[in-house]
Amino acid sequence: MTGSDAPRLAAHGITVRFGGLTALDNVDVNVWPGKVTGLIGPNGAGKSTLFAVLSGLQRPARGRVLLSGRDVTRANAEMRARLGLARTFQHPELFNDLTVGDHFRLARRARFSKRRVWTDMITGRGIRESDPDEEKFVIELLALVGLPGQGDRPVQGLPLGISRLVELGRALAAAPNVLLLDEPTSGLDGVETGLMAVTLERVVAEQGVGLLIVEHDVDLVLSISARVTVLDFGARIAEGTPDAIRRDPAVRAAYLGGKILEDNA
Amino acid sequence: MLGYVIAGLVLGAIYAAAAAGLVVTYVSAGVINFAFGSMAFVIARFYYWLVVTLGWSTLPAAILALLLVSPVLGIGLWFLVFRQLQLQPQLVRIVVTVGLGVALPPVAFLMFGVEATPQAVGLVREPSPVLHLLGTVLNLNQLIVLVLVAALLIAGTVLLRFTTAGLRIRALVDSQALSSLSGTDPARVSAAVWAGSAVLAGLVGILVAPTNGLDVGPMTSLMASAFAAVVAARLTSLPVAVLVSLGMGVASGLVQFALPANSPLAAAVLPSIPFVIMLIFLLVYVAQGGRSRDRLLGGALDKAIAPVTTLLHAGAGRKYRRSSRRRRTCTGVAVVVLAVVLPPTLNEYWLGLAAQGLAYGVVFLAFTLVTGEGGMIWLCVATFAGGGAVIVAQLTTVLGAPLLLSVLVAAVSMGVVGMLIALMTLRLGDLFVSLATLSFGLLVETLVFSLPTISNYNAGVAVPRPEFAVSDLGFSYLCIAVLVIVGLFVVNLRRSTAGLALSAMRSSETATRTLGISVIHIKIIVSGLAAFIAGLGGVLLAMYSTTAAPESYLTFSGLIWIAVLVTVGVRSVGAAVLAGLLFAVMPGVFNTYLPPALGQLPPFLFGLGAIGLAANPNGVLATHARQISHGIERLLRRTRGGHERLFTDDDAAPADEVHSIPAGR
């Protein structure tokens with residue numbers, strides 16, 4: 001285990017080009033255990049691309065990604081997940097044929113009992129009664145993400161807000177070291193946003209998860225983050241504590257004269 | 001030699017016409033038309049009827065068939081079928097066109113009769129005048145082919161590249177919704193494309209009928225050969241498709257030049273050429289890594305306004321409900337009890353058919369596994385079944401090996417072949433899997449199943465039944481036992497971790513990967529298991545008729561099997577058994593109780609059922625079964641006072657909310 005002041009996830013000098021467009025240019029970002037790191041920036045700043053690089057879905061042209069001190073730049077998404085990285089998506093990517101509970105079961109087994117993919121075929125565990133430990137885990141997780149008793153609900157047709165909670169639960173089911181959340185509150189109403197914020201704070205505080213959060217709700221990011229990174233046009237224009245970010249002139253310029261931030265300062 | 005090259009070019013031109021007909025509809029509508037061969041057959045059969053039965057001369061017959069009937073057929077099919085496929089999942093598109101391919105030939109048989117059609121006529125009656133050109137001989141038919149195809153391709157290219165209509169077609173590819181907003185009527189453009197494709201199909205059909213025979217099989221084979229060019233073109237590039245087609249034709253010509261005519265080697269090499277070319281390109285694409293452009297067409301707007309559909313899966317989410325689980329177990333037990341009690345009450349004829357149906361049920365479970373769970377549409381399940389049967393026949397009757405061991409060897413070897421095919425095609429996407437498996441099936445049919453030792457002049461080689469199941473009654477119990485074991489295996493797999501992972505994969509590959517699951521291994525194993533089961537079922541089928549006759553395992557018959565199965569439902573074990581029984585018993589019912597002219601009706605109905613998937617992606621019967629069970633549940637709930645009405649499907653938000661894009665994004 002690395003010390004608590006070493007970042008759990010670190011990206012150095014990330015550069016991504018799509019043809020002639022430089023989507024990310026020499027970007028650094030760090031995520032510390034037990035802390036929330038915010039990632040903000042206007043539309044098209046490269047936030048989602050950075051997420052794709054961090055989670056292994058997009059290979060950068062240059063730069064390195066370190067997960068718990070290991071160089072995972074060349075590791076694909078599956079390998080990074082096995083090392084404890086989990087993420088959600090801006091447009092929730094749920095498994096339409098599965099129930100809410102199945103999402104959690106699958107994510108947990110993928111991390112902790114990988115062999116069941118093969119052994120289930122022989123042992124007949126698909127037909128037999130389910131595992132009580134696993135059921136208890138699912139019930140607790142449902143309660144944690146604010147969906148108590150909804151484990152048997154099919155996800156197809158769920159409203160967006162609930163979908164985001166299911167995605168969060170699926171990410172947490174793998175007990176991640178690092179959790180990447182892509183706009184977890186967009187499409188959520190005020191109550192749901194509050195619930196989401198409470199859940200995230202609990203997870204970070206109790207499980208020591210390192211959390212990187214992309215959000216349009218700048219208020220939320222500045223209120224829960226320990227550090228904030230600001231991207232604009234693929235470049236990092238600022239990094240620091242929420243207070244420092246509020247005062248940063250480059251950030252204000254990027255956000256249309258800083259109106260949003262000034263109101264909160 | 002020049003003569004062989006020119007003959008090759010003529011063949012290549014026919015391939016090119018077929019490949020072009022397939023590519024244009026893929027480019028404009030995102031549909032690979034697996035019914036292309038059947039369309040070719042229907043039009044060629046119509047032309048034959050005009051020329052041979054009615055005695056028309058060839059020119060007016062060709063004009064009527066190609067310039068009037070073909071476009072009408074194309075537009076009609078577009079209106080009835082293809083139009084509905086625009087935003088359907090790829091799997092639905094494949095199955096629907098396969099269903100159409102199954103349903104069309106019976107229509108031709110019903111209209112023009114089922115009698116044999118020897119001496120099909122090309123565009124010019126034989127003996128056609130012979131031309132001397134560059135020191136070689138060219139008959140008029142060949143010249144017409146070359147000129148017509150060249151003219152069509154040039155006209156098509158000019159149309160697509162340089163005209164407003166072409167621009168509209170290309171715009172349609174990107175987004176139907178947006179191009180209709182910009183004042184193009186997508187309907188008219190699509191209809192025109194399908195009409196053009198049908199004309200190409202008709203042309204191909206008429207041209208190949210004299211040499212390859214006027215039947216569905218040869219037409220399907222020709223379409224599969226053209227698939228090689230379509231694959232080489234990555235489904236989209238018309239020029240590449242045409243060039244590769246011509247190349248394949250010339251290669252065939254050169255092979256005929258180099259090898260002695262009618263030698264077994266030439267007979268083996270010639271049909272393999274397209275398959276080898278497809279194999280090479282598949283390998284190249286796999287080596288290049290990444291999925292090829294097997295994409296769903298349509299822009300963001302199309303997706304936003306599309307209805308939410310997943311293939312054949314709705315209701316799967318209820319699987320963990322305890323009550324429903326208990327109910328399912330009860331139903332299962334009841335069915336098994338019924339199956340044990342019922343057979344002795346049937347008379348010999350129906351018992352035989354039922355036993356055969358149960359054997360088909362086992363084969364269909366392979367499809368339930370590979371498609372229902374694995375999400376891959378294999379068009380060569382019949383080949384695996386036939387392969388199993390043929391191996392057992394060879395091992396037992398020819399080599400004298402013990403039966404049980406032979407069955408095991410046969411099923412395992414099919415499993416290995418299945419895994420190899422999965423390995424080759426998986427990374428390329430659903431469409432490539434279907435294209436490659438169809439070609440594979442046809443290749444095995446022409447190369448392996450036709451070997452004298454295997455086909456035994458179409459009589460087949462004997463396959464014994466096990467000693468304890470010699471009677472039809474004993475045999476049906478054997479089939480039931482195998483069905484129960486395989487069925488339990490499939491049910492277990494679906495609810496196991498691997499099943500969850502496969503379900504996940506069908507919805508979102510990206511999200512599945514970020515959970516740390518790579519589904520490719522699971523899919524390969526599932527492919528192997530499915531091929532194993534298909535081989536096993538094929539052995540049972542052979543045991544039923546006590547011969548392994550390759551005629552019973554034609555690739556085209558396999559397409560009918562698929563149509564039957566998807567009509568009933570591809571996601572449940574019960575549906576597979578029901579489909580097997582239906583497939584075996586329905587023709588019996590028709591033969592017994594209806595006039596023989598209607599004998600073609602069952603395959604037509606099965607094909608129609610598969611087409612119905614376009615409107616009803618859950619399978620026609622599955623949907624009604626669900627409605628009925630919903631109705632019963634609602635009634636029960638009402639009698640109980642409605643307390644249990646929490647979190648059922650009815651409460652879920654309307655489907656269109658799923659894709660609604662929140663403001664402020």
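Hi everyone, let me start with one definition: two residues are in contact if their C-beta atoms, placed from the backbone, lie within 7 Å. With that in hand, look at Val155(A). Leaving aside neighbours within four places in sequence, Val155(A) is in contact with Leu94(A), Phe95(A), Asn96(A), Leu98(A), Thr99(A), Val100(A), His103(A), Ser163(A) and Val166(A).

Before going on, a word about what we are looking at. This is a predicted model, in which local features need pLDDT of at least 70 and side-chain atom pairs count only at pLDDT 80 or more, while totals for chains, interfaces and linings use all residues. Residues are numbered from 1 along each chain as its sequence is written, and chains are lettered from A and ligands numbered from 1 in the order in which they are written.

Back to Val155(A). Where is Val155(A) found? The answer is the loop between α5 (132-144) and α6 (160-173) of chain A. Helices (H or I, at least four residues) and strands (E, at least two) are DSSP runs, numbered from the N terminus. Is Val155(A) buried or exposed? A residue is buried if 20 or more other C-beta atoms lie within 10 Å of its own, exposed if 12 or fewer, and partly exposed in between, again with C-beta atoms placed from the backbone. Val155(A) counts as buried because it has 25 C-beta neighbours inside 10 Å. Also, Val155(A) and Asp102(A) are 53 residues apart in sequence, and their C-alpha atoms are 9.8 Å apart in space.

Let's stay in chain A and talk about strands. Strands of a sheet pair through backbone hydrogen bonds, either parallel or antiparallel. Strand β9 (residues 227-232) of chain A has five of its six residues buried, so the rest of the structure largely encloses it. On one hand, β9(A) runs parallel to strand β3 (residues 36-40) of chain A, joined by four bridges; there, Gly38(A) has Val228(A) as its bridge partner in β9(A). On the other, five bridges join β9(A) to strand β10 (residues 235-240) of chain A, and these two run antiparallel. Here Thr229(A) finds its bridge partner in Glu239(A) of β10(A). The hairpin of β9(A) and β10(A) has two residues between the strands, and Phe233(A) takes a positive phi near 45° in it.

Chain A also has an open sheet of four strands, in the order β2-β1-β4-β5, with antiparallel pairing. Which strands are at the edge? They are β2 (21-31) and β5 (70-71) of chain A, each of which pairs on one side only. Strand β1 (residues 9-18) and strand β4 (residues 62-67) of chain A share five bridges in the antiparallel sense, and Ala10(A) stands opposite Leu66(A) in β4(A).

Now over to chain B. An automatic or database domain assignment divides chain B into domain 1 (2-114 + 133-296) and domain 2 (345-595). Taken over C-alpha atoms, the centres of these two domains of chain B are 30 Å apart. Their contact takes 30 residues from domain 1 and 27 residues from domain 2. On the domain 1 side, α11(B) gives the largest share, nine residues.

The expected span of a helix is 1.5 Å times one less than its number of residues. Helix α2 (residues 36-53) of chain B has 18 residues and should therefore span 26 Å; its end C-alpha atoms are 25 Å apart, which agrees. In α2(B), 15 of the 18 residues are buried, and just after α2(B), Gly55(B) takes a positive phi of about 75°. Helix α14 (residues 348-373) of chain B has 26 residues and should therefore span 38 Å; its end C-alpha atoms are 36 Å apart, which agrees too.

How do the two chains meet? In this model, 43 residues of chain B are in contact with 44 residues of chain A. On the chain B side, α20(B) gives the most, with nine residues.

Finally, confidence. pLDDT is the predictor's confidence in each residue, from 0 to 100. Chain B has a mean pLDDT of 80, with 83% of its residues at 70 or more. In chain B, pLDDT stays under 50 over residues 291-300 and over residues 641-665. Where pLDDT is low, the predicted coordinates should not be read in detail. For the complex, the predictor gives an ipTM of 0.88 and a pTM of 0.82.

Terms used. Two strands pair if DSSP finds at least two bridges between them.
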